[in-house]
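Dear colleague,

I am handing over the structure we discussed, and I would be grateful if you could look through it alongside the notes that follow.

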Amino acid sequence: MSAPLLEVEDLAVEFLTDHGWVRVVDGVSFSVGAGETLGLVGESGSGKTVTSLSVMQLIPRPPGRIAGGSIRFEGRELLGLSDQELEALRGEAIAMVFQESMTSLNPAFTIGDQIGEVVRRHRGVSRREARVRALEVLELVQIPDPEARIDAYPHEFSGGMRQRAAIAMALACDPKLLIADEPTTALDVTVQAQVLDLLRSLQQRLGMGILFVTHNLGVVADLCDRVTVMYAGRMVETANVFDLFESPQHPYTEGLLQAMPQLGERGKRLAAIPGTPPMPWQMPDGCRFHPRCPYAEAACAEQDVKLDDLGEGRSTRCRRHAELKLEGAE
Ligand SMILES: Nc1ncnc2c1ncn2[C@@H]1O[C@H](COP(=O)(O)OP(=O)(O)OP(=O)(O)O)[C@@H](O)[C@H]1O
Ligand SMILES: [Mg+2]
């Protein structure tokens, strides 16, 4: 087996706040292989965006800092690279798409000029060649009538089309890795499904690795091969999608599965996980999930829980996982 595209190991990220330096991502490790989609899931504030921004060192500094760990791309350490070296990777080997397409698109330039600019920067091709490539990728993401739309400004596109354009821009240089942070959350359900279909078919054709950030397990089931579940800045479980849905090994994962709307529609009670996640400056001792966990014992509040390697790419951070028979989604 060749080295995975992306390896994140023991990542720690901190922000300077009124409470001092607060660690919001702690001991996060995962990998993404070529042609593989890894889902990163968890409730709001669990550290998904901070983790995904850390890969290209895009967290705002200050107030943020990467306090430890290793991030390797094709075996090469990214932490410590100069801005220039990172800039060379950004948009070329590693591309990103964000929740709000306006974060990626500049309102002052036409769609075609923006995509062309990325191509020219990384490929050093002529304006004309860059425009041809822009047309190609707009076609690839199924923008209707791309010849007519290429000279439009972002505000002239619908939300769904803007998100497609942002994806087109991300794909313009054939990245090996795509980092997508909630790229469909702002879209209505039908358009969301279309964009997910698009990503799936593009991945099959282009063989990229995708790190897909979402709070939606339904989307994970649709798109991802493997999943890492985060809670309060830590990863609590990693598994392939089938195993995760069939036999979750962490009570938090079970809670997320039971809160999925699809299950509610099939007659099961829709049960949101009671309580709220802790603030990063008030992380509970022991297992961070124990205050909300229906299976917590006294020891869960006292002992720090290590990530337990279960083999075959599965791991969990629950001291009771072997004795609990947690309920899957089906
Ligand atoms: N610039 C910042 N300054 C201080 N704290 C921050 C900053 N950015 C993020 N955080 C904190 O880091 C933690 C993780 O935030 P992050 O945005 O990664 O969550 P998330 O899992 O992406 O949530 P969501 O589902 O809402 O997007 C949160 O507690 C957040 O308040
Ligand atoms: Mg986020």
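Met230 in β9 has Met235 as its bridge partner in β10, and this pair belongs to a set of 6 bridges that join β9 to strand β10 (residues 234-240), the two running antiparallel. Please keep in mind throughout that this is a predicted model. The strands β9 and β10 form a hairpin with 2 residues between them, and within that hairpin Ala232 takes a positive phi near 50°.

Strand β9 (residues 226-231) also pairs with strand β3 (residues 37-41), here in the parallel sense and over 4 bridges. Among the partners in this pairing, Leu38 stands with Arg226, and Leu40 has Thr228 in β9 as its bridge partner. In general, the strands of a sheet pair through backbone hydrogen bonds, in either the parallel or the antiparallel sense.

How many residues of β9 are buried? The count is 6 of the 6, so β9 is largely enclosed by the rest of the structure. Side chains of a regular strand alternate between the two faces of the sheet. In β9 both faces are covered, with Arg226, Thr228 and Met230 buried on one side and Val227, Val229 and Tyr231 buried on the other.

The strands β1 and β2 form a hairpin with 2 residues between them, and they pair in the antiparallel sense over 10 bridges. Within that pairing, Val8 stands opposite Phe30 in β2, while Leu16 has Trp21 in β2 as its bridge partner.

Turning to the ligand, you will find that 16 residues surround ligand 1, and that the closest are Val24, Ser44, Lys48, Thr49 and Val50. Both β1 (6-17) and α1 (48-55) supply at least two residues of this shell, and α1 gives the most, with 3 residues. By residue type, the shell around ligand 1 divides into 6 nonpolar, 9 polar and 1 charged.

The last item is a pair of helices. The axes of helix α4 (residues 111-123) and helix α5 (residues 127-140) come within 8 Å and cross at roughly 115°, and the crossing in which α4 passes α5 is right-handed. On the α4 side the contact involves Gly112, Ile115, Gly116, Val119 and Arg120, which meet Arg127, Ala130, Arg131, Arg133, Ala134 and Val137 in α5. The residues of this contact divide into 5 nonpolar, 2 polar and 4 charged.

With best wishes

How values were computed:
Residues numbered from 1 in each chain as written. Chains lettered and ligands numbered in written order. Predicted model: local features only at pLDDT ≥ 70, side-chain atom pairs only at ≥ 80, totals over all residues. Near = placed C-beta within 6 Å. Nonpolar A, V, L, I, M, F, W, Y, C, P; charged D, E, K, R; others polar. Axes fitted to C-alpha atoms, helices over the stretch in contact; angles between N-to-C directions. Left-handed = near helix turned anticlockwise from the far one by under 90°. Contact = placed C-beta atoms within 7 Å. Pairing = 2+ DSSP bridges. Buried ≥ 20, exposed ≤ 12 C-beta atoms within 10 Å, placed from the backbone.
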